[in-house]
Amino acid sequence: MNQKAVFIDRDGTIVEDVPYCNSPRKIRLLEGAGKAIRRLNDQGFLVILITNQSGVARGYFSEETLGEIHNKLKEDLGYFGAHLDDIFYCPHHPAQSCTCRKPATGLIDQAVAKYGLDISGSYFIGDRLIDIQAANRSGCQAVLVPYTLPETDYFKLEISVDSRPSFLAGDISAAVDWVLADALGKASVSVVIPTLNEEKNICSVLPRLRCVPGIAEVILVDGRSTDKTVENALRLWPEIKVINQPGRGKGDAMRAGFEAACGDIVVTLDADGSLAPEEIPCYVGPLFDGYQMVKGSRFCRGGGTSDMPLFRRFGNFVFTKMANLVCGCRYTDLVYGYHAFRRQILGSLCLKSDGFEIDTEMYIRATRKGLKVKEVPSYEAKRLEGAGKLRSFHDGARILRTILRESVNG
Ligand SMILES: [Mg+2]
Ligand SMILES: [Zn+2]
């Protein structure tokens, strides 16, 4: 029940309002509509058209023609790399008093049932009071864009409390700006922390994490620690979700943590204190600005590390160059474990790595799948206590194997 949607009205909201539009040739996208819908597509919202088309019942055009009109609309959106995930329309005459003609909620209800939508996290963008009323009655947030026809329906409708939008936008782009900003404010973040005997370090990491806004849950994936790691974590963060790692290795732990995560956003964090929890907002923000994955880099401007001997720096450089060749991109650090992504993308990544190579696998696959990945500067500190678990040559070989495997499977 985590999937969110943005319902969009058709006439006057994304296309010019032609009364009883009866031909694909009359479809004209409004300025900014294609790009705005693409931004919603990129952010993982389902974009669903909800439109009253009583012209069918009135005999002005057939459902077949309506299908052609919608195909033309999809084609036009395609030029902007945008798409509609579904279209629900009411073909009835107002006099039929059906349950689907807006302001009734029938069409929205159908979409909610079909996709298992989280309605309170969903939005409706429309240009008429009937859109706003349908939205408010169904429990999603309503955004009103300016009405484009000269005669108005404001006077024909009973103005009631449910006629009030959450936001009045100048146009569809401004509406989408608001939707994304609102969604960012409500986003729930799951932080996944793999641990193995980090009883001291975890006591430094968790209190710092407390200061970060928007953390909905922390998932500690424990690789059978024999010290007080779990005990300390529970003391500092009583509601922490502790999972016993099924197998071995960091990748195995990560995958178990991802599986258990419920938030919109997943952030990975180390238990050793080397990754600053304070950086989390820098990773989450871009996820509401067109990116599906945000990865840290120690080697771009503003990044750094105090935890890397020269030979590892060299290995890292070579692996990053190779992985860039494989996925056709220009990242500066592809062997780093600090990242955030929309939980929805996990399904398409099909991760299977067990070790440290999971980070490289994620970046290569995400980029290959055409996901938008942003690199942000990150500072890696020295681990606070104890020895790291990365074995340079052993893990280096695994990373290398992963890069080679991905280059073959591409
Ligand atoms: Mg309209
Ligand atoms: Zn209907």
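A residue is called buried here if 20 or more other C-beta atoms lie within 10 Å of its own, exposed if 12 or fewer do, and partly exposed in between, with C-beta atoms placed from the backbone. On that count, buried residues make up 44% of the 410 residues in the protein chain.

Some housekeeping. This is a predicted model, in which local features need pLDDT of at least 70 and side-chain atom pairs count only at pLDDT 80 or more, while totals for chains, interfaces and linings use all residues. Residues are numbered from 1 along each chain as its sequence is written, and chains are lettered from A and ligands numbered from 1 in the order in which they are written.

Overall dimensions next. The C-alpha trace spans about 75 × 45 × 35 Å along its principal axes. Helices and strands are DSSP runs numbered from the N terminus, H or I of at least four residues for helices and E of at least two for strands. The chain has 13 helices and 15 strands. Two residues are in contact if their C-beta atoms, placed from the backbone, lie within 7 Å. Of the contacts between residues at least 6 apart in sequence, 75% join residues at least 24 apart.

Now the domains, whose bounds come from an automatic or database domain assignment. Domain 1 covers 5-183 and domain 2 covers 189-409. Their C-alpha centres are 40 Å apart. How many residues of each domain are in contact with the other? Six residues of domain 1 touch six of domain 2. On the domain 1 side, helix H1 (33-42) and helix H5 (172-186) are the elements that give two or more residues. By class, that side has two nonpolar, two polar and two charged residues. For those classes, Ala, Val, Leu, Ile, Met, Phe, Trp, Tyr, Cys and Pro count as nonpolar, Asp, Glu, Lys and Arg as charged, and the others, Gly among them, as polar.

Staying with H5: Leu 184 is found in that helix. Is Leu 184 buried or partly exposed? Leu 184 is partly exposed because 17 other C-beta atoms lie within 10 Å. From Leu 184 to Thr 268 is 84 residues in sequence and 18 Å in space, C-alpha to C-alpha.

On to the nonpolar core, meaning a set of buried Ala, Val, Leu, Ile, Met, Phe, Trp, Tyr and Cys residues joined through C-beta atoms within 7 Å. The largest one has 105 residues, and Val 6 and Val 191 have the most contacts inside it. H5 provides the largest share of this core, six residues. Each of domain 1 and domain 2 supplies at least three residues to this core. Beyond its neighbours within four places in sequence, Val 6 has contacts that include Leu 40, Phe 45, Val 47 and Val 179.

Then the sheet. Six strands form an open sheet in the order E3-E2-E1-E4-E5-E6, with parallel pairing. Strands pair if DSSP finds at least two bridges between them. Strand E3 (86-90) and strand E6 (167-168) are the edges, each pairing on one side only. Strand E1 (residues 5-8) and strand E2 (residues 46-52) share four bridges, and Phe 7 has Ile 48 in E2 as its bridge partner.

Last, domain 2. The unreviewed UniProt entry annotates residues 190-346 as "domain: Glycosyltransferase 2-like"; positions are given in the numbering used here, feature names are shortened, and annotations may be inferred rather than shown by experiment. Over residues 190-346 the chain is 33% helix and 21% strand, with the end C-alpha atoms 14 Å apart.
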